[in-house]
Amino acid sequence: MIREEIDKRWMLEAMAEADKAEAIGEVPIGAVLVKDGVIIGRGYNLRETLHDPTAHAEIVAIRQACEQLGAWRLLNCTLYVTLEPCPMCAGAIVQSRIQRVVYGTTDPKAGCAGTLMNLLQEPRFNHETELTTGILQTETSLQLKQFFRRLRKKSPLV
């Protein structure tokens, strides 16, 4: 299987996590962490549910993966996330030494994997992450757009 097909497969898993967030009224962002062809961490946005600004999909997945591996270094792992990581998540990715990040759609308001800045490949840090963008971009973007469209219909003030 070629790399792009593998990336699409795992991005669909991240999108399924995003669906879980939407089902509980959260912004639909999902993430999975993969090592050696196995998901070791899953996460979806839980900020509203947990009243926790750090409960982003990536952070939830990173915590789960660290617990499963019994280590804070996530060497040789790939993180798949539906939306470009924010500064907090980009920092956690660098700190946990994730080898590669694959994201679906850009985040024009907070994206720190190339849109506003690129913290994942900042040469002054002690770790740089390989980056692949735009995997299932149309689908991941639509997932978010449809959520906000429905939200605005319910409450025109949003």
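Predicted model: local features only at pLDDT ≥ 70, side-chain atom pairs only at ≥ 80, totals over all residues.
Helix α3 covers residues 57-69. Its 13 residues should span 18 Å at 1.5 Å a residue, and the C-alpha atoms at its ends are 18 Å apart, so the two values agree. Several residues of α3 are buried, namely Ala57, Glu58, Ile59, Ala61, Ile62, Ala65 and Cys66. In general, an α-helix has 3.6 residues a turn, so residues three or four places apart point the same way. The cover over the buried residues of α3 includes the strands β1 (30-35), β2 (38-44) and β3 (77-83), together with helix α4 (87-95).

The loop between α2 (47-50) and α3 holds histidine 56. This histidine has a relative accessibility of 15% and therefore counts as buried. Residues up to four places away in sequence being left out, histidine 56 touches Asn45, Arg47, Cys86, Met88 and Cys89. Just after α3 comes glycine 70, with a positive phi of about 70 degrees.

**Two loop residues with positive phi**

Most residues other than glycine have a negative phi. Asparagine 76 has a positive phi, near 60 degrees, and is a residue other than glycine. Asparagine 76 belongs to the loop between α3 and β3. With 52% relative accessibility, asparagine 76 counts as exposed, because the limit for that class is over 50%. Apart from neighbours within four places in sequence, its contacts are Val34, Lys35 and Gln99. The C-alpha atoms of asparagine 76 and glutamine 99 are 5.4 Å apart, although 23 residues separate the two in sequence.

Leucine 136 is not a glycine either, and has a positive phi of about 55 degrees. The position of leucine 136 is in the loop between β5 (130-133) and α5. Leucine 136 counts as buried, at 14% relative accessibility.

**Arginine 100 and strand β4**

Strand β4 spans residues 100-105 and includes arginine 100. At 4% relative accessibility, this arginine counts as buried. The side chain of arginine 100 makes a polar contact of 2.6 Å with the side chain of aspartate 7. When neighbours within four places in sequence are set aside, arginine 100 is in contact with Arg3, Asp7, Cys77, Thr78, Leu79, Tyr80, Thr129, Glu130 and Thr132.

**Cysteines**

The structure holds 0 disulfides. Cysteine 89 is in no disulfide, and its nearest cysteine sulfur, that of cysteine 86, is 3.7 Å away. Cysteine 89 is buried, with a relative accessible area of 0%. Cysteine 112 is likewise in no disulfide; the nearest cysteine sulfur is that of cysteine 86, at 7.1 Å. Cysteine 112 is buried, with a relative accessible area of 2%.

A search of the whole structure finds 1 aromatic pair. The pair is formed by phenylalanine 147 and phenylalanine 148, whose ring centres are 5.1 Å apart; the ring planes stand at 75 degrees, so the pair is edge-to-face. Another ring is involved with a charge: the charged end of arginine 9 sits over the ring of tryptophan 10, 4.1 Å from the ring centre.

Helix α5 comprises residues 137-154, and leucine 151 is found in this helix. The C-alpha atoms of leucine 151 and leucine 79 are separated by 28 Å, and the two residues are 72 residues apart along the chain.

| Residue | Relative accessibility | Class |
|---|---|---|
| Phenylalanine 147 | 7% | Buried |
| Phenylalanine 148 | 30% | Partly exposed |
| Leucine 151 | 29% | Partly exposed |

Conventions. Residues numbered from 1 in each chain as written. Heavy atoms only, no water. Helix = DSSP H or I, 4+ residues; strand = E, 2+ residues; numbered from the N terminus. Buried < 20%, exposed > 50% of the residue type's maximum accessible area, 1.4 Å probe, protein only. Polar contact = N/O pair within 3.5 Å; in protein donor to acceptor, adjacent residues only side chain to side chain. Contact = heavy atoms within 4.5 Å. Disulfide = S-S within 2.5 Å. Expected span 1.5 Å × (residues − 1). Phe/Tyr/Trp six-rings, centres within 6.5 Å; stacked < 30°, edge-to-face > 60°. Lys NZ or Arg CZ within 6 Å of the ring centre and 35° of its normal.
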